Amino acid sequence: MRSDKPRDPVAGPDAGPEPPYPVRLSGPVIKGFGRGSKDLGIPTANIPADDLSEKHPELTTGVYYGVVALDPKTYHPETSEGSTSTAVVLPAVLSIGYNPFYKNTVRSVEIHIMPALTEPSPTAAGHEGQTKFNRLPDFYKTRLNLLILGYIRPEFDYVSLEALVEDIRVDCEVARESLLREAYKCYIVDAEKASGKVGEDRGWLPSGFSDWIAALDDSLIKIEVSATTPFTPRLDRWIA
Ligand SMILES: Cc1cc2nc3c(=O)[nH]c(=O)nc-3n(C[C@H](O)[C@H](O)[C@H](O)COP(=O)(O)O)c2cc1C
Ligand SMILES: Nc1ncnc2c1ncn2[C@@H]1O[C@H](COP(=O)(O)OP(=O)(O)O)[C@@H](O)[C@H]1O
Ligand SMILES: [Mg+2]
């Protein structure tokens with residue numbers, strides 16, 4: 001259970017991500033338990049966690065922050081300049097684990113995408129009225145690339161839903177303040193402006209989307225060609 005100790009305003013070293021971070025995760029946005037928006041008012045984009053223990057044994061259960069890019073072929077939000085064909089890179093906070101408050105038996109990766117760092121934070125303390133978490137148009141099935149930049153805290157059980165929501169609100173603020181530091185902000189600015197290893201990781205974020213669509217289309221075509229062709233089991237489960 002969460003203690004009453006006040007929370008640190010930032011997480012991770014000021015000098016920038018320390019190994020094992022940045023960690024790259026990628027996957028299609030799948031259905032979760034349907035609680036994020038409905039129960040908590042906090043939508044979380046879930047990506048498959050099946051091969052996490054094998055590929056990323058370093059990722060213990062807990063809450064992390066990072067940056068995400070969504071495939072612009074299936075997710076193209078309208079901006080003041082019209083709709084964009086390049087992937088937007090946005091700050092994110094996520095949980096990896098069993099959601100002890102809900103006592104899940106399977107591990108999930110759940111990502112809450114926050115507004116751009118240049119916009120005011122809707123989750124800041126003292127924000128007028130009830131906290132409204134960031135909400136985008138739905139983007140199920142879209143491929144999401146995530147760069148995890150730091151660890152915030154372990155997962156907890158809570159005495160109430162309100163206490164869970166309040167802790168996630170603080171996570172959003174910790175993630176935002178952490179990412180606003182110079183050594184982290186560079187993962188969000190234009191890829192061309194970042195150099196060295198930071199530039200490599202930043203460059204990876206909006207990459208690989210065309211390969212993914214080809215692979216996905218291929219699986220779907222196989223299904224159409226022959227009803228007896230077994231659907232790739234994992235995709236079958238991911239895509240409603
Ligand atoms: C930043 C963040 C922190 C979270 N921390 C916890 C936690 O400490 N304990 C917990 O039980 N669930 C935690 N959750 C998970 C929420 O309970 C979860 O997002 C919710 O159950 C929605 O699940 P769904 O996507 O399957 O609908 C956290 C989620 C986020 C985004
Ligand atoms: N800010 C956001 N962060 C993450 N997902 C969002 C956001 N805004 C809208 N969504 C959409 O909401 C969906 C998640 O809502 P949620 O209630 O957690 O459902 P589920 O249980 O299916 O994950 C995401 O898959 C995405 O399509
Ligand atoms: Mg979710």
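The following paragraphs describe the fold, the two ligand sites and selected residues of a predicted model.

The model is predicted, and local features were therefore taken only at pLDDT of at least 70 and side-chain atom pairs only at pLDDT 80 or more, while totals for chains, interfaces and linings use all residues. Residues are numbered from 1 along each chain as its sequence is written, chains are lettered from A and ligands numbered from 1 in the order in which they are written, and side-chain values use heavy atoms, with hydrogens and water left out.

The protein chain contains 7 helices and 8 strands; helices (H or I, at least four residues) and strands (E, at least two) are DSSP runs numbered from the N terminus. Of the 240 residues in the protein chain, 46% are buried, where buried denotes under 20% relative accessible area, exposed over 50%, and partly exposed the range in between (1.4 Å probe, protein chains only). Among contacts in the protein chain with a separation of 6 or more, 74% join residues 24 or more positions apart; a contact requires heavy atoms within 4.5 Å. The protein chain exposes about 12800 Å², of which carbon and sulfur atoms supply 55%. Accessible areas come from the Shrake-Rupley method with a 1.4 Å probe, and for residues only the protein chains shown count as cover.

Ligand 1 is surrounded by 23 residues, the closest being Phe33, Arg35, Phe101, Glu110 and Phe156; a residue counts as near a molecule if one of its heavy atoms lies within 4 Å of it. Polar atoms of the protein approach oxygen atoms of this ligand at several places. A backbone N or O atom of Arg35 is 2.6 Å from an oxygen atom of ligand 1, and a backbone N or O atom of Gly34 is 3.2 Å from an oxygen atom of ligand 1. From a side chain, a polar atom of Arg153 lies 3.0 Å from an oxygen atom of ligand 1. On its own, ligand 1 has 630 Å² of accessible area, and the protein covers 99% of this. Helices H1 and H3 and strand S6 each give two or more residues to the shell around ligand 1, with H3 giving the most, 3 residues.

Ligand 1 sits in the largest pocket, and the space taken by ligand 2 is likewise the largest pocket. On a 1 Å grid over the protein atoms alone, a pocket is an open set of points with protein on both sides within 12 Å along at least five of seven lines, whereas a cavity is a set of points where a 1.4 Å probe fits but cannot get out; lining residues have an atom within 4 Å of a point. A molecule sits in a cavity or pocket if more than half of its atoms lie within 2 Å of its grid points.

Around ligand 2 there are 21 residues, and Gly34, Ser37, Leu136, Phe139 and Tyr140 are the closest. Backbone atoms approach nitrogen atoms of this ligand. A backbone N or O atom of Leu136 lies 2.8 Å from a nitrogen atom of ligand 2, the corresponding distance for a backbone N or O atom of Ile113 is 2.9 Å, and a polar backbone atom of Asn134 is 3.1 Å from a nitrogen atom of ligand 2. The protein buries 97% of the 570 Å² that ligand 2 exposes when taken alone. Two or more residues of the shell come from each of helix H1 (36-40), strand S2 (45-47) and strand S7 (108-113); S7 gives the most, with 3 residues.

Asp167 belongs to helix H3 (residues 161-179) and is buried, because its relative accessible area is 7%. Its side chain makes a polar contact with the side chain of Tyr158 at 2.6 Å. A polar contact is a pair of N or O atoms within 3.5 Å; within protein, one must be able to donate a hydrogen and the other to accept it, and residues adjacent in sequence count only if both atoms are side-chain atoms. Beyond its neighbours within four places in sequence, Asp167 is in contact with Arg2, Arg7, Arg153, Phe156 and Tyr158.

Gly36 lies in helix H1 and counts as buried at 16% relative accessibility. Not counting residues up to four places away in sequence, Gly36 touches Gly41, Ile42 and Pro43. In helix H5 (residues 196-204), the buried residues are Gly199, Asp201, Arg202 and Trp204; their cover includes strand S1 (23-28), strand S6 (89-97) and strand S8 (143-153).
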